[in-house]
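Walk through this structure with me, one contact at a time. Keep the 3D view open as you read.

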Amino acid sequence: MESSRSYENFEFYHPSPSSTPSITDTSGYSIRSDQDSFVYCRTNSEASAFSCPTDESSFTDPSSPLGQAIVKTPNRNQAALTRLGMKQYSHVADEPDDQEEIDLELDMMKEKFSKLLLGEDMSGSGKGVCSAVAISNSITNLYATVFGQNLRLAPLPPEKKSMWRREMDCLLSVCDYIVEFVPSSQNLKDGTILEVMINRLRSDIYMNLPALKKLDTMLLEILESFRDTEFWYAEQGSLSSKSTTKSGSFRKVVVNQRKEEKWWLPVPCVPPGGLSEKARKHLQQKRECANQIHKAAMAINNSILAEMQVPDTYMATLPKSGRASLGDTIYRHISTPDKFSPEYLLDCIEISSEHEALEIADKVEASIYIWRRKVCMSMTHSKSSWNIKDLMADGDKSDKNHILAGRAESLLMCLKQRYPELSQTTLDTCKIQDNKDVGQAILESYSRVLEGLAFNIVDWIDDVLYVDTSAKRQGN
């Protein structure tokens, strides 16, 4: 798979301004298409979206040193109701079916927001998780519910698609009230220009959320395009009514390709002569589109995770030296006075499994923060944040620890590019669990599940193309 860093040319990716480059717990969530993907399973609004309308006129903030005027945004009650999936009906008393639908939607909203307010602690004792973690879990759980059984190239069932749209709109509606104040100007009738402060969506949400919604729509459109196909699926080796005697052999073909790691997935079957040129071209086009979406979602997810503060609990568990974290073999390669090549180092390690690759990624990531911490400790001023971008900007570039940290970071990047299906590292998991920022939680979880869906689509298309190639080879 292409490098996950080559996303700059994707038109729907908008990096957040500060970045440059499950079922109960969302930690450890994998983007693979297997069932293990689901084992882990500040607002400035002064009124609820359902409160009575208030006067929206501007006012002067006496606490402002400049006496600037504050302008509130227009009333968004109706917009919020629309995003929550509520419908307006006339003559409800004469339409009991419509009333029943409204009641069902209201019950759903009550249940969802009750769990969010309780922090998933149904006892109400206040021992639940924070709002950020609760809403992150909700997005992950919704993805598992809607897409967990959708293991093939086929349109979503209408009820599943409706559930995804309705409940995601409900969860994403929180972002409408995560705002920041920005300066603006207002022209009065007498020609006076008044400097005011207006509120708008916070920068990271303003930049990334529309892009994620677009990626979401595109992924559903890709699945919808596989409505009438020349290929079909056989469940766990059984032959469908359209199967031929040859199609049974494709299970062995695909299982060999998957290395028996995904034996439970349905097996794609094609006609004896393979797919037509039109069908194969359609598959290749959709694969390229899904692959670009995967890169964009991964880039957004990485940028949001990079902006999250590193928890103190993680820093407290790090070894005292980078060598102790990496081991002698990797440390010897990474500390060589000669030119360092992360690709050559990975070839020498000979990683045999995804679990081993994830373990190495955890060690390399830990060594980065060990060496960065030493760089900061050698400086005259103290650092209150262990954000990696802040750390990289400080310190002597010729310092040995700074060089080692840079090499370790390039090794980690190369490792993630070579194994794009890797689960989240220990640091990423700790960031998600300790995160208190609701906006970041929504962006991280939304981008993560879209990344997983895009990866799965690419994987499923590869399976069909592999079977098609094998069928044509057998026919010749």
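Start at Ser-173, in the loop between α4 (158-172) and β3. Keep in mind that this is a predicted model. Is Ser-173 buried or exposed? Its relative accessibility is 9%, so Ser-173 counts as buried, the cut-off being under 20%. What does its side chain meet? A polar atom of the Ser-173 side chain lies 2.5 Å from the backbone oxygen of Cys-170.

Now follow the chain into the strands. Strand β3 covers residues 179-187, and strand β4 covers residues 193-201. The two pair in the antiparallel sense, over nine bridges.

Next come the aromatic rings. How many aromatic pairs are there? The count comes to seven. One of them joins Phe-231 and Tyr-233: the ring centres are 6.0 Å apart and the planes meet at 80°, so the pair is edge-to-face. The cut-off for that label is over 60 degrees. Both Phe-231 and Tyr-233 are buried. Elsewhere, ring pairs link Tyr-143, Phe-147 and Trp-164 into a cluster. A ring can also face a charge. Arg-200 lies over the face of Tyr-206, at 5.8 Å from the ring centre.

Turn to the charged pairs. The whole structure holds 14 salt bridges. Take Asp-437 and Arg-202, whose side chains meet at 2.9 Å, N to O. Why does this pair tie together separate parts of the chain? Asp-437 is in the loop between α15 (426-434) and α16 (438-475), while Arg-202 is in the loop between β4 and α5 (203-224), so the bridge spans parts that are 235 residues apart in sequence. Asp-437 and Arg-202 are both buried.

Arg-287 forms a salt bridge with Asp-462, and their closest N and O atoms are 2.6 Å apart. Here the link runs between distant parts of the chain: Arg-287 belongs to helix α7 (residues 277-307) and Asp-462 to helix α16, 175 residues apart. How do the two partners compare with the 20% cut-off for buried? Arg-287 has 19% relative accessibility, so Arg-287 counts as buried. Asp-462 has a relative accessible area of 23%, so Asp-462 is partly exposed.

Now look at Arg-372 and Glu-409. Their side chains meet in a salt bridge at 3.9 Å, N to O; the cut-off is 4 Å. Arg-372 lies in helix α12 (residues 354-377) and Glu-409 in helix α14 (residues 400-418), so this pair ties together parts that are 37 residues apart in sequence. Is Arg-372 buried or exposed? Its relative accessible area is 2%, so Arg-372 is buried. Glu-409 has 23% relative accessibility and counts as partly exposed.

Note on methods. Residues numbered from 1 in each chain as written. Predicted model: local features only at pLDDT ≥ 70, side-chain atom pairs only at ≥ 80, totals over all residues. Heavy atoms only, no water. Pairing = 2+ DSSP bridges. Helix = DSSP H or I, 4+ residues; strand = E, 2+ residues; numbered from the N terminus. Buried < 20%, exposed > 50% of the residue type's maximum accessible area, 1.4 Å probe, protein only. Polar contact = N/O pair within 3.5 Å; in protein donor to acceptor, adjacent residues only side chain to side chain. Phe/Tyr/Trp six-rings, centres within 6.5 Å; stacked < 30°, edge-to-face > 60°. Lys NZ or Arg CZ within 6 Å of the ring centre and 35° of its normal.
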